[in-house]
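Take a look, and then we'll go through some questions.

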Amino acid sequence: MIREGNFGYHEAISLLAITILAKTFFTSPAILVGIVGTAGWYMTLISALTAMFGFMFLYLLLKRFPNKNIMEIADMVLGKLGSIIFLFLFGGFLLWSASISIREFAEVLKVYVLPQSPPSFIIILFLITIIVLSFMGLETIARFAKFIIYILGVGFILVFLLSVQNIAPRYLFPLLGYGLDKTIIHGLLRSSFYGEIVIIGVIASSLQGYKEIKRIGFSTLLIAGFLTSFSLLVFAMIFPYPVGQEITSPMYEMAALIDYGGFMQRMEPIFLFLWNFGTFIEVSLIFYATLMIFCHAFRIDDKRPVILPMITTLYSLSLIPKSISEVTSGFVQTLRSWGWIVYYVPPVIILIIALIRKKKGDSQNA
Amino acid sequence: MRKGTLILISLLLPFFITGCFDSHEIGDFAYVTAMGVEHGISDTFRITFQISKFSKSSGGNGENEGGGGEKNEEMEIITMDSSSLLSAVSIVNANISKELNFMHLKAIVISEELAENGKLGECLAPIVRYRHIRRTTNIIVCKGKAEEFITALMPYPGELITRTLEELFEKSNTIGYFPHTTLNDLYDGIKSSYNALILTYGAVNKEEKFESDGEFFKGESDVPGNFNAGDIPRKGGSKVELFGSAVFDGEKMKGKLTGFETQMLLLARGELIRGPFSITDPEKPELMVPIDIKEIENPEIMIDLNEDKPKIHVKLKLEGDIASIQSGINYETPEKMTIIEDALEQHLIKGIEITFEKCKEFKADVFNFGTTAVMQFWTIPEWEEYNWLGKFPESELKVEVDFTIRRTGKLLKNKPLFSLEDKK
């Protein structure tokens, strides 16, 4: 049987921050420029604030039911059938989002680095790592995230520092992009970008109580919001808005543009490192959260027999999109624009039902 | 048992993934270092590949071996007519034992004719999609045939062609006679609503402008660098030269700026770190005073959009050192120094204004003034509706230059020349 284990503040923040930030490496920044133009860097701050608002309800729910995770709370509040329906939908959604992340990763990797390799080959290699990490358990994934975040941080800073030579601050103008109204509307909708923060509800039992959860949640959103905004700001200063919206992986191109003469150029390998490890953590966490949800819903104590079948499902789902266009403009776009319904609304509904039905957990100090 | 199985799997796994689909040996490729594109005869485009063979000299003596021995570079030129780059690459690949690889491509050369016919969007812009070609690849518009240019492109003796090209382009911001432009600049330039595109202009110098015989030159010298590549009166050295720039409106080449005009342009854009300038001696117009100048602050640009015509005001702050005084006049004294300072200021103001007028004729804001004008707009639709590039030809420019001479070289003052003829 896999033990979930316990981990602390730093591990949880590393895990969640990497999971959220990994998405900036793919096609999202370009799509964002197409929607809000030059305003993407502060639009994401609106999204982060909205995500904080959404997270607040989850926190209130977890506070009401101390030492319980979202699955246990759903059981108590929604009843057996209601809980299964909710967990099935939520777990299915997470599995679908993991499949999109994998496919997006495979497609972008194929475009830039491995053009001859079939997507299935890339995805299988990727999934082998996820399988290994899943067998190790949540605590191992979290501790690996804490270990790798320092290396990723150095790489991240290095890529941005070296990109200074290509920065033109005037590309940030016109400041309001395609209009303030569009920026605000899409800022609210795209709070889904930070939606993985709700996974904190799934792994709540491994954390040290609701006060710690509050600290972890808000700190993660602040860090992820700031770093995403910073990445988009640098990106907007390097690629003018007509060009920025066309690029498959703006961050990769940004690293490829670094050129300080014969001895300091071709810096993409640094980016590739960030990219690969960031995505490993992202998909591992989402997959493991899904695994926990399904095992809870079907009352399976030992997760190990479920890992391989679920990986197979993940693999099959990731091969559904026909092309990169379908992934980026269809699936990813839908996920970013409407994912908030699945991420933030259920905790609000559960909280309201809990209040109506006067359901409450045991006191934490009891 | 479990640990043993895991170790065994870990040890065996690498053997299954070593020959992944994208694994290649370095020797599998033929590295294209320069590529030319021009109008084709039997198909749309004529594409020329310069393939360099990087290998150590086989005849090196013992001392050279293992100690960075002399490099022997052989070139192969392949030219073919094709409808696109990808078709050309696949056909060439079918006929050579290696596979063409563009990871070390340093320059793409477009013929002037192709650029004038507005084919950039068709032939070059799509290349950014091609994963092998980096956005940092340098772009040159060449006089005459691109094929001829590529054939004449040779490395500096003892160097690799890649290094020669890298070093050549780096000269741009210290000399300023040509801009350093890349595929990224090209793509941004043709899509931009802020500014127009400018590219490096190059040519094969056939030494036609160099006159070996004739009478000695008399009269006032022209402004140094006031010509384009291919017209430099020189002999020897590299056959290929980069000088001046090609100006575009969208994807269509509208004209050329000379080396001097390009210097003026880069100065106004704040991209010329330092550069050599020569002004006519204010007191002896047949002689020159060469000065090394340095831009100490970014140009201050103000644009008034309140009236029909945009009014642009540029302020430059420069300092410099006198490199030589041919006339021997004692310009080093504080009273006389201001004469040189004023003369240089006027020289630069006139130069920038002439260049600006020329760019207005081309309807191309290569000065990047649009990147300042855009700061007065709140939203992209407002900015695009204003249509800066359409307004640019109506704009008016006022230039202010503040130049200070800091040093006078290795001489503090000039004593008159002594000759018997003068004594008489």
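Q: What makes up the secondary structure of chain A?
A: It comes to 14 helices and 0 strands. Helices here are DSSP runs of H or I with at least four residues, strands are E runs of at least two, and both are numbered from the N terminus. By the way, this is a predicted model, where local features need pLDDT of at least 70 and side-chain atom pairs count only at 80 or more, while totals for chains, interfaces and linings use all residues. Residues are numbered from 1 along each chain as its sequence is written, and chains are lettered from A and ligands numbered from 1 in the order in which they are written.

Q: Why are residues of chain A called buried?
A: Because a buried residue has 20 or more other C-beta atoms (placed from the backbone) within 10 Å of its own. In chain A, 52% of the 366 residues count as buried.

Q: What is the span of helix H14 of chain A set against?
A: The expected span is 1.5 Å times one less than the number of residues. H14(A), residues 324–356, has 33 residues and reaches 46 Å, close to the expected 48 Å.

Q: Where is the kink in H14(A) centred?
A: On A:Trp338, with about 55°. The bend is the angle between axes fitted to the seven residues ending there and the seven starting there.

Notes: A residue is buried if 20 or more other C-beta atoms lie within 10 Å of its own, exposed if 12 or fewer, and partly exposed in between; C-beta atoms are placed from the backbone.
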